[in-house]
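This briefing concerns the structure shown below. It covers sheets, salt bridges and the nonpolar core in turn.

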Amino acid sequence: QVQLVESGGGLVQAGDSLRLSCAASGRSFSSYVMGWFRQAPGKEREFVAAISWGGSRTDYAESVKGRFTISRDNAKNTMYLRMNSLKYEDTAVYYCAGNRSPRCSLHGCYEEDEYDYWGQGTQVTVSS
């Protein structure tokens, strides 16, 4: 089992950058597929990005492709989300999530119910 804690959120202006971190405690972080989801006020939680066990595969939602970069450092048990050119519509609570599915590592997983472990979330607010 793994426990996940997000950090790095905050209030920024449109066009600014932020880097979110997701620190994992527990064993075998490198065997977890990791993802970022977000939930804006009044909306459903949505997929943002995911990364395979070793980081060779990354997937992004169309809305963030080219602006956000997901990465991980297995030696530090940490995953990151670098967010550039932030827009007002990126305002949301950002959650990190993990699962141990080989299928997800090979083919990608984009649905909430495909992830077993979740952090508490970190707020990102982008002012226009």
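Two strands are counted as paired if DSSP finds at least two bridges between them. Helices (H or I, at least four residues) and strands (E, at least two) are DSSP runs, numbered from the N terminus. The model is predicted: local features need pLDDT of at least 70, side-chain atom pairs count only at pLDDT 80 or more, and totals for chains, interfaces and linings use all residues. Residues are numbered from 1 along each chain as its sequence is written, and side-chain values use heavy atoms, with hydrogens and water left out.

**The open sheet**

- Four strands make up an open sheet in the order E1-E3-E8-E7, with antiparallel pairing.
- Strand E1 (2-7) and strand E7 (68-73) are at the edges with a single partner strand each, so one side of each has no neighbour in the sheet.
- From one strand to the next, the twist averages 15 degrees; axes are lines fitted to C-alpha atoms, for helices over the stretch in contact, and angles run from 0 to 180 degrees between N-to-C directions.
- Strand E3 (residues 18-26) is joined to the antiparallel strand E8 (residues 78-83) by six bridges, and Cys-22 has Met-79 in E8 as its bridge partner.

**Pairing and faces of strand E11**

- Strand E2 (residues 10-13) pairs with E11 in the parallel sense over four bridges; Gly-10 has Val-124 in E11 as its bridge partner.
- Strand E9 (residues 92-99) pairs with E11 in the antiparallel sense over three bridges, and the bridge partner of Val-93 in E11 is Gln-123.
- Buried means under 20% relative accessible area, exposed over 50%, and partly exposed in between (1.4 Å probe, protein chains only).

**Salt bridges**

- The whole structure contains seven salt bridges, each defined as a side-chain nitrogen of Lys or Arg within 4 Å of a carboxyl oxygen of Asp or Glu.
- Glu-46 and Arg-38 form one of them, with their closest N and O atoms 2.7 Å apart; Glu-46 is partly exposed at 36% relative accessible area, while Arg-38 is buried at 5%.
- A network of salt bridges links Arg-38, Glu-46, Arg-67 and Asp-90.
- Glu-112 forms a salt bridge with Arg-45, the closest N and O atoms lying 2.9 Å apart.
- This pair links distant parts of the chain, 67 residues apart: Glu-112 is in the loop between helix H1 (102-107) and strand E10 (117-118), and Arg-45 is in the loop between strand E4 (33-39) and strand E5 (46-51).
- Both partners are partly exposed, Glu-112 with a relative accessible area of 30% and Arg-45 with 23%.

**The nonpolar core**

- The largest nonpolar core has 37 residues, and those with the most contacts inside it are Trp-36, Met-79, Leu-81, Met-83 and Tyr-94.
- Two or more residues of this core come from each of E1, E3, E4, E5, E7, E8, E9 and E11; E5 gives the most, with five residues.
- A nonpolar core is a set of buried Ala, Val, Leu, Ile, Met, Phe, Trp, Tyr and Cys residues joined through side-chain atoms within 4.5 Å.
- Leaving aside neighbours within four places in sequence, Met-79 is in contact (heavy atoms within 4.5 Å) with residues including Leu-20, Cys-22, Phe-29, Met-34, Trp-36, Ile-51, Ile-70 and Cys-96.
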